[in-house]
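I opened my notebook beside the model and went through it one topic at a time. Here is what I looked up, in the order I did it.

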Amino acid sequence: VQLVESGGGLVQAGGSLRLPCAALGRTSYAMGWFCQAPGTERELVAGISWSSSRLYYTDSVKGRFTISRDNAKNTVYLQMNSLKPDDTAIYYCAARMGVEVRTLAHEYDYWGQGTQVTVSS
């Protein structure tokens, strides 16, 4: 499975970005969006099960970010609203060979190349 992220960039605090992740190949996986800032570990920001019935958000993004997927288009989206400078990081799309969401990076089997999100104050 190849994962290709896009949609990152520079945005002012309070602004919005939408990150699509296109999956090439078998796509019956749970998916997640992770972020990693310099000097920190990769952290799950949001996850979605194969059926979209189970969603996960880390506390810092609840109410601001929304994860969704369109299985017909093999694409997962992360809608990021009310962005804060603390959201600045590289965002990675990941897929795991299972239908349910997991929260640890080592539980994911495939990774995209990452897309930089920078939020200015």
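**Gln 116**

I started with Gln 116, which counts as partly exposed at 39% relative accessibility. For my own bookkeeping, buried is under 20% relative accessible area, exposed is over 50%, and partly exposed is in between (1.4 Å probe, protein chains only). I found Gln 116 in strand S11. Strands are DSSP runs of E with at least two residues, numbered from the N terminus, while helices are runs of H or I with at least four.

Next I listed what Gln 116 touches: Gly 8, Gly 9, Thr 88, Ala 89 and Ile 90, not counting residues up to four places away in sequence. Contact here means heavy atoms within 4.5 Å. I also checked Leu 83, which is 33 residues from Gln 116 along the chain, and the two C-alpha atoms are separated by 14 Å.

**Ground rules**

I am working from a predicted model, in which local features need pLDDT of at least 70 and side-chain atom pairs count only at pLDDT 80 or more, while totals for chains, interfaces and linings use all residues. Residues are numbered from 1 along each chain as its sequence is written, and side-chain values use heavy atoms, with hydrogens and water left out.

**The largest pocket**

I looked up the largest pocket and noted a volume of about 210 Å³. A pocket is an open set of points on a 1 Å grid over the protein atoms alone, with protein on both sides within 12 Å along at least five of seven lines; a 1.4 Å probe fits at the points, and lining residues have an atom within 4 Å of a point. Points are joined across faces, edges and corners, and the volume is the space filled by probe spheres set on them.

Which residues lie nearest the centre of the largest pocket? I wrote down Cys 35, Glu 43, Ser 60, Asp 86 and Asp 87, out of 17 lining residues. Strand S4 (30–36), strand S5 (43–48) and strand S9 (89–96) are the elements that give two or more residues to this lining. Sorted by class, the lining has 6 nonpolar, 5 polar and 6 charged residues. In this sorting, Ala, Val, Leu, Ile, Met, Phe, Trp, Tyr, Cys and Pro are nonpolar, Asp, Glu, Lys and Arg are charged, and the others, Gly among them, are polar.

**Salt bridges**

How many salt bridges does the structure hold? I count 2, a salt bridge being a side-chain nitrogen of Lys or Arg within 4 Å of a carboxyl oxygen of Asp or Glu.

Asp 59 counts as exposed because its relative accessibility is 62%.

**Nonpolar cores**

I then turned to the largest nonpolar core, which has 27 residues. A nonpolar core is a set of buried Ala, Val, Leu, Ile, Met, Phe, Trp, Tyr and Cys residues joined through side-chain atoms within 4.5 Å. Among those with the most contacts inside this core are Met 31, Trp 33, Phe 65 and Leu 78. Leu 78 is in contact with residues including Leu 17, Trp 33, Ala 46, Phe 65 and Tyr 91, leaving aside neighbours within four places in sequence. A second, separate core of 6 residues includes Leu 44, Tyr 92, Val 101 and Tyr 108.

Ser 49 sits in the loop between S5 and S6 and is buried, with a relative accessible area of 1%. Its contacts beyond four places in sequence include Ala 30, Arg 54 and Arg 69.

Ser 52 lies in the loop between S5 and S6, and I noted its positive phi of about 70° although it is not a glycine. Asn 74, in the loop between S7 and S8, also has a positive phi, near 50°.

Ser 28 is in the loop between S3 and S4, in contact with Trp 50 and Gly 98 when neighbours within four places in sequence are left aside.
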